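These notes are meant for a colleague who is opening this entry for the first time. Please keep the sequence and the model side by side while reading the numbered points.

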Amino acid sequence: MDQEYILGIAELDSQHETIERAIKGFKEAAEKEEIQDLPKLFAEVQEDLRFHFRVEESIMSILAYPEVYEHARSHHEVMRFFDTCRICSESDAKTSADSLMHLFLEQILSQDRRFAAFLRRNHDRLGL
């Protein structure tokens, strides 16, 4: 993962890398026209994101992050994207993979970085 997407929160960074690899794997399968693998790979990306979003929202709630609800709404937007994806061809899969990667990386830059900044500002108060 490019340095600009690293938050400095080991568990979240690790999950981000796992998700990035899953999205790239999905796109590579589409580019190789491995149609039979696409539904399984798509489902893996979806499950990795769901798990990650649950973890993130739980941590935010425990630490009383004031923007947790806004952050959770952004997660719902990403998952709503999944609900609208129809993978009927490798072209659909490539387009979906590109869109998903963009949404995912934008989520890190716009939302996750704010959470990381909150943690740094409140490190002592939170006992971290």
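1. How do the axes of α2 and α3 come together, and at what angle do they cross? The axes of α2 and α3 come within 10 Å and cross at roughly 170°, where axes are lines fitted to C-alpha atoms, for helices over the stretch in contact, and angles run from 0 to 180 degrees between N-to-C directions. The two helices are therefore roughly antiparallel to each other, a label given to angles over 145 degrees, while those under 35 count as roughly parallel, 65 to 115 as roughly perpendicular and the rest as oblique. Helices here are DSSP runs (H or I, at least four residues), numbered from the N terminus.

2. A word on the basis of these notes: this is a predicted model, in which local features need pLDDT of at least 70 and side-chain atom pairs count only at pLDDT 80 or more, whereas totals for chains, interfaces and linings use all residues. Residues are numbered from 1 along each chain as its sequence is written, and side-chain values use heavy atoms, with hydrogens and water left out.

3. The contact between α2 and α3 (contact means heavy atoms within 4.5 Å) involves, among others, Phe42, Leu49, Glu56 and Met60 of α2 and His71, His75 and Phe82 of α3.

4. His71 is buried, with a relative accessible area of 0%; buried means under 20% relative accessible area, exposed over 50%, and partly exposed in between, with a 1.4 Å probe and protein chains only. The side chain of His71 makes polar contacts with the side chains of Glu56, at 2.9 Å, and Gln107, at 3.3 Å. A polar contact is a pair of N or O atoms within 3.5 Å; within protein, one must be able to donate a hydrogen and the other to accept it, and residues adjacent in sequence count only if both atoms are side-chain atoms. Leaving aside neighbours within four places in sequence, the contacts of His71 also include Met60, Tyr65 and Asp112.

5. There are six aromatic pairs, counted when rings of Phe, Tyr and Trp (its six-membered ring) have centres within 6.5 Å, with planes under 30 degrees apart called stacked, over 60 edge-to-face and the rest tilted. Phe42 and Phe82 form a tilted pair, 4.7 Å centre to centre with 55° between the planes. Phe42 lies in α2 (residues 38-62) and Phe82 in α3, so this pair ties together parts that are 40 residues apart in sequence. Phe42 is buried at 13% relative accessibility, and Phe82 is buried at 3%. Tyr65 and Phe115 form an edge-to-face pair, 4.9 Å centre to centre with 70° between the planes.

6. The largest nonpolar core has 38 residues, and those touching the most other members are Phe26, Val45, Leu49, Leu100, Phe104 and Phe115. Such a core is a set of buried Ala, Val, Leu, Ile, Met, Phe, Trp, Tyr and Cys residues joined through side-chain atoms within 4.5 Å. Each of α1 (10-31), α2, α3 and α4 supplies at least two residues of this core, and α4 gives the most, with eleven.

7. Glu33, in the loop between α1 and α2, has a positive phi near 60°, and Ala64, in the loop between α2 and α3, has a positive phi near 55°. Most residues other than glycine have a negative phi. Glu33 is exposed, with a relative accessible area of 51%, and Ala64 is exposed at 57%.
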